[in-house]
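Dear colleague,

I am passing on the structure we spoke about, and would be grateful if you could look through it alongside the notes in this message.

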Amino acid sequence: MPREDVALVIVKGFLDVDTATELHHHLANQMHHGRRHLLLDLSSVPFMDSSGINIILKAYKETRQVGGSIGVIDPAPAVQRILDLTGVSLTVPSYKTADEALDETGGALSRP
């Protein structure tokens, strides 16, 4: 039985000041519809700036307030480096695959 409280969000392209607000609105919409656990597939994100970091941290705070979680899936090496340098990777776990992330969150995904 799929878990309705988990959403896989596939992010493509640059995650920067031009796209971060759109991602934030999308994540807020997922949470509004009861998805407390957010998995961000960042495998197709070649670049992320501080705007992307801020959105991930804001989503972390918002999911924690409702007993949820956030994780990133397969970030590109440049993105993983930013997550590591900023300390985000200490708070937000990274997974190699969606299946690995699901094992950690304990259920199947509800795809948006």
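Predicted model: local features only at pLDDT ≥ 70, side-chain atom pairs only at ≥ 80, totals over all residues.

Residues are numbered from 1 along each chain as its sequence is written, and side-chain values use heavy atoms, with hydrogens and water left out.

The sheet is open and is formed by 4 strands in the order 1-2-3-4, with parallel pairing; its edge strands, each pairing on one side only, are strand 1 and strand 4 (94–95). Here helices (H or I, at least four residues) and strands (E, at least two) are DSSP runs, numbered from the N terminus, and two strands pair if DSSP finds at least two bridges between them.

Strand 1 (residues 6–12) and strand 2 (residues 37–44) are parallel and share 6 bridges, with A7 standing opposite L38 and K12 having S44 as its bridge partner. The chain passes from strand 1 through helix 1 (residues 20–32) to strand 2 in a right-handed β-α-β crossover, where right-handed says that, with the strands pointing away from the viewer, the path from the first strand over the helix to the second runs clockwise. On its other pairing, strand 2 is joined to strand 3 by 5 bridges, again in the parallel sense, and there L38 stands opposite I70 and L40 opposite V72. Both strand 1, with 5 of its 7 residues buried, and strand 2, with 6 of its 8 residues buried, are mostly covered (buried means under 20% relative accessible area, exposed over 50%, partly exposed in between, with a 1.4 Å probe and protein chains only).

Turning to helix 2 (residues 50–65), its end C-alpha atoms are 23 Å apart, which agrees with the 22 Å that its 16 residues should span at 1.5 Å a residue, the expected span being 1.5 Å times one less than the number of residues. Together, strand 2, helix 2 and strand 3 make a right-handed β-α-β unit.

With best wishes
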